[in-house]
Every structure is written in C-alpha cells, then in structure tokens.
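Hi,

Here is the structure I promised to pass on. Have a look at it first, and then read on for what turned up in it.

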Amino acid sequence: MSVCSAWFRKCPEIVRAILLGALIASVAASAVQARHRHREPLRHHRLLRGVDVSHYQGTIDWPAVSRDDVAFAYVKATEGVAGRDARFARNWQGARRAGIRVGAYHFFIFCRSPRAQARNFLAVAPRTASALPPAVDLETAHGCRSRLSGAEMRRELNAYLAIVEARQRRPAVLYVNAQFYAAYGRDLPKRAMWRRSISFTPSRSWTFWQYRCRGHVTGIRTRVDLNLARASGFKRTL
C-alpha cells in the first residue's frame, strides 16, 4: 500500500486520467446495455404490437389494453399433460370482446407424452377461424433426464403437432428462446417462428418477435411480455 501511495503522489495526473477513463468507459457500456434492454424497436405500419399473458398477469382490463396500441394477444392455455391456466377462458373472451386478435399457446414439456399434451391443449383451446394459429412454447428440455438429440426433440414435437394441427386445421407457430434455438434450431420443422430476443433483433426470419419480457401496458397491472408481428406474415399466413 505504501508503494502505491508513493507512486500516486508522484504521478497523480496519470492515475486520475486512467481512473477517469475507466469510469467513462464503464458508464458508456452501462448506457449501451440499458438501451438494448429497454429500447422500443423502430415502429412502423409493417409491424403490429401484441402481448402474451397467463394467470400471472391477474385480472386484465382488455378494453384498456386494446387502446394501448395492442393488436394481438397470445394467451396461455395449457402446460404439459395436465396443466391448465386458470384464467385462460376469461383472457380469451376478454381479448376477443375488446377487438384484439387472440391465440392460445401450450407450454410443451419434453419427455412427457406429446399425444397427452396435444389432447390437453385441444380440450381447452377453442377452434375459431378468426383466432391466431395455435402456438407451442419450446424452451428447455427440463423434463428429461439427459439432453435430447435433435432427432429425438423433433420426433416428440412432430407427434404433438400432428394431432393439434389436424384438429385446428392450420400450421402451428413455434415459440423459441435463444437457448433452445441455438441447441435445436436446425432440427425444427418449418413453421412460422416466434422468436424471443430481448437484446437484439433476431437474425433469422420471424413472424413474431418477443422483444421485451418486463414491459408495461395499460390495463395490465403486472409486467408483461411485449411482442411484434410482421403485418405481411400476420395477414398471409395467420
């Protein structure tokens, strides 16, 4: 410590300059990170804004949501082979009555019967022509004892999709986070993609983009996921 103190007294200007430079660099880096975390993507007429919700959002004032530039909503219906969201029916009906285009999603759990999961989803989600296509939330294979290969992942997912798409009479939408896409992106069947990317615009093609996970929307008292949809893909494929 005494050596450092002596050196500091001899060269105070240099030390202060180094410390000031480090502080400026740190502040700049934090500002860039904050801008990426909280930025609002460039909005224009080719993008539509939406939310995805579950019982975690509690009671939602859907008319107020519709007035806050929200054109669509995905509502959690089911999870795994038996889980059912307690607020699905109220959210589905409330969004529709408010003029918001709504769709249902299922949280898929790997290494659990895909056929039972499909039956669970279909028992809850209505088949309505004006609704968004059914979506399946693919995150981690946390239900498995060991990591699935790409072929194993696709086999389970295809078994689920075959049943759901036959009943719903339309292709499903695949929701994937960055980790799942990095691990299995090449093995996914060709479907409309719903990409989660909080920091940057997804590099690959997407129909939906979840760009914020703790956003604010009028009519929803909790934080909520915010999404964008390409208007062209929204009208053509959805």
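Predicted model: local features only at pLDDT ≥ 70, side-chain atom pairs only at ≥ 80, totals over all residues.

Before anything else, a word on the names: helices (H or I, at least four residues) and strands (E, at least two) are DSSP runs, numbered from the N terminus.

At 32% relative accessibility, Cys-111 counts as partly exposed. So which cysteine does Cys-111 pair with in a disulfide? The partner is Cys-144, and the two sulfur atoms sit 1.9 Å apart. In case the term is new to you, a disulfide is a covalent bond between the sulfur atoms of two cysteines. The structure holds 1 disulfide. The pair links distant parts of the chain, since Cys-144 is in the loop between β5 (135-138) and α6, 33 residues from Cys-111. The torsion about the S-S bond of Cys-111 and Cys-144 is about 105 degrees, so this disulfide is right-handed.

You'll find Asp-69 in the loop between α3 (62-67) and β2. With a relative accessible area of 44%, Asp-69 is partly exposed.

Now for the inside. How many residues make up the largest nonpolar core? There are 47 of them, and Val-51, Trp-62, Leu-138 and Leu-188 have the most contacts inside this core. Helix α6 (residues 150-168) gives the largest share of the core, with 5 residues. There is also a second, separate core of 11 residues, which includes Tyr-105, Ala-135, Ala-192 and Phe-208.

Leaving out residues up to four places away in sequence, Val-51 touches a whole list of others, among them Trp-62, Val-70, Phe-72, Tyr-74, Val-217 and Leu-226.

A search of the whole structure finds 2 salt bridges. One of them joins Glu-165 and Arg-191, whose closest N and O atoms are 2.7 Å apart. Glu-165 lies in helix α6 and Arg-191 in the loop between α7 (178-184) and β7 (192-196), so this pair ties together parts that are 26 residues apart in sequence. Is Glu-165 buried or exposed? Glu-165 counts as buried, at 15% relative accessibility. Arg-191 is partly exposed, with a relative accessible area of 26%.

In the other salt bridge, the side chains of Glu-79 and Lys-76 meet at 2.6 Å, N to O. Here Lys-76 counts as buried at 9% relative accessibility, while Glu-79 is partly exposed at 31%.

That's what I have for you. Happy browsing!

Technical notes. Residues numbered from 1 in each chain as written. Heavy atoms only, no water. Core = buried A, V, L, I, M, F, W, Y, C linked by side-chain atoms within 4.5 Å. Buried < 20%, exposed > 50% of the residue type's maximum accessible area, 1.4 Å probe, protein only. Contact = heavy atoms within 4.5 Å. Salt bridge = Lys/Arg side-chain N within 4 Å of Asp/Glu carboxyl O. Disulfide = S-S within 2.5 Å.
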